[in-house]
Amino acid sequence: MTTTACCTRPTAGTAEPIEAPHGLRPEQLAQQILDGHRLHADEALALLRSPDADTFTLVAAASRLRHHHRGTQVKLNYLVSLKTGLCPEDCTYCSQRLGTDAQILKYTWLKPEQAVEQAGHGVAAGARRVCLVASGTGPAERDVDRVGTIAARLKQEHPQVEVCACLGLLKENQADRLRDAGVDAYNHNLNTARSHYPEICSTHTYEDRLATIGRAVDAGLSPCSGLIVGMGETDEQLVEALFALRELDADSVPVNFLMPFDGTPLAGRWELTPLACLRILAVARMTCPDKEIRIAAGREMHLRSLQAVALQVADSLFLGDYLTSEGQGAQDDLTMIRDAGFTVVGAQVPDSRSDSPTTRRRGAGTEAAPNA
Ligand code: SF4
């Protein structure tokens, strides 16, 4: 395995080698994209491999596209895990795969009233979209009925909210039934490049995933499909995956950063840096300039103090907790969004300033331990 000079991402792999052009200027490229240019693979690769010192130049360029297409808005999404754990699939990145000893919550289907009550917390905090997620290969017919009931009740209580379902692989007509029940969108991530897919899952295929997204699109559901980065994919494979998402024309593109749970095959894998995450988000924006680019799971542990900078290129994030891990406090997210000069779609974010500094009671002149 070889690594690039600018980050720890591996570059050797099975994807087609791409020659990166030299002297690429991100700001010129952003202007060309605004004028109708579609990013080429060699350009995407060069941007992805920008040195750390040039990352903020790249962010500034991608930010022009973000502001042109999405303004200052940030869309908040709220996950409700309807059923967690004990999945028969073997996705290597997933803490819910069968046989894992990841110490996560495991439970079967929430009752509709429990799901609606959970969703209400996110809606009250400003979420515009509720994502109803269930572990498993795909829904049985009665599961589609369950989710349909929840979606209908959610729409009744919160008519302004979009409902997205994420239930795994769909069979014939299931997407139509979800749509008829009031579901607006369907999430099914491509996760990684076709050329990398056999490395991360053996129980279903990349083509299975494409077929499900196709069913959702055919039913008129808004397609939501994205990535998990940091799973050993090469830079070329990351470009391959981003370009596949562009071809899919998904309305929203969640970018997840691998959370390497103990008890999963990818435990201990750590390939990302905060600056590398920014570059990936910026290249996602330049590849899919007018789409909802969503910062998804893993942002807290991988972007860390640069989360607010990531909002310069991404226009969407999950509020609250993820499926099996806890997220940053919702109030902290709202403060971050407001402080960075953004607005929340469909919600007012109150100013959370504190009026007086905290008086020092530790360190020099006290018996208490200092702050550092
Ligand atoms: S199908 Fe979904 S829940 Fe099951 S192991 Fe894969 S990612 Fe996890």
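Which loop does Arg304 lie in? Select Arg304 and you land between helix H11 (299–302) and helix H12 (307–310); helices here are DSSP runs of H or I with at least four residues, strands are E runs of at least two, and both are numbered from the N terminus.

Before you click on, two housekeeping notes. This is a predicted model, so local features need pLDDT of at least 70 and side-chain atom pairs count only at pLDDT 80 or more, while totals for chains, interfaces and linings use all residues. Residues are numbered from 1 along each chain as its sequence is written.

**Stop 1**

Arg304 counts as exposed because it has 11 C-beta neighbours inside 10 Å. (The cut-offs: buried means 20 or more other C-beta atoms within 10 Å of the residue's own, exposed means 12 or fewer, partly exposed is in between, and C-beta atoms are placed from the backbone.)

Now jump to Asp249, in the loop between helix H9 (235–248) and strand S7 (252–257). Asp249 is not a glycine, yet its phi is positive, about 65°. With 11 C-beta neighbours inside 10 Å, Asp249 counts as exposed.

**Stop 2: the annotated site**

Select Cys131, Cys164, Cys224 and Arg294 together: an unreviewed UniProt entry annotates them as "binding site". They are spread over 164 residues of sequence but cluster in space, with a largest C-alpha distance of 14.1 Å. UniProt positions are in the numbering used here, feature names are shortened, and annotations may be inferred rather than shown by experiment.

Zoom in on Cys131, in strand S2 (residues 129–134). Cys131 is buried because 23 other C-beta atoms lie within 10 Å. Leaving out residues up to four places away in sequence, Cys131 touches Asn77, Tyr78, Leu79, Val80, Cys164, Cys166 and Asn187; contact means C-beta atoms, placed from the backbone, within 7 Å.

Next, Arg294, in strand S8 (residues 292–295). Arg294 is buried too, with 26 other C-beta atoms within 10 Å. With residues up to four places away in sequence again not counted, its contacts include Asn77, Gly226, Ser252 and Ser316.

**Stop 3: the ligand**

Finally, show the residues around the ligand: Cys87, Glu89, Cys91, Cys94, Gln96, Arg97, Ser135 and Gly168. Each has its C-beta atom, placed from the backbone, within 6 Å of the molecule. Colour by class and you get 3 nonpolar, 3 polar and 2 charged residues, where Ala, Val, Leu, Ile, Met, Phe, Trp, Tyr, Cys and Pro count as nonpolar, Asp, Glu, Lys and Arg as charged, and the others, Gly among them, as polar.

Methods:
Two residues are in contact if their C-beta atoms, placed from the backbone, lie within 7 Å.
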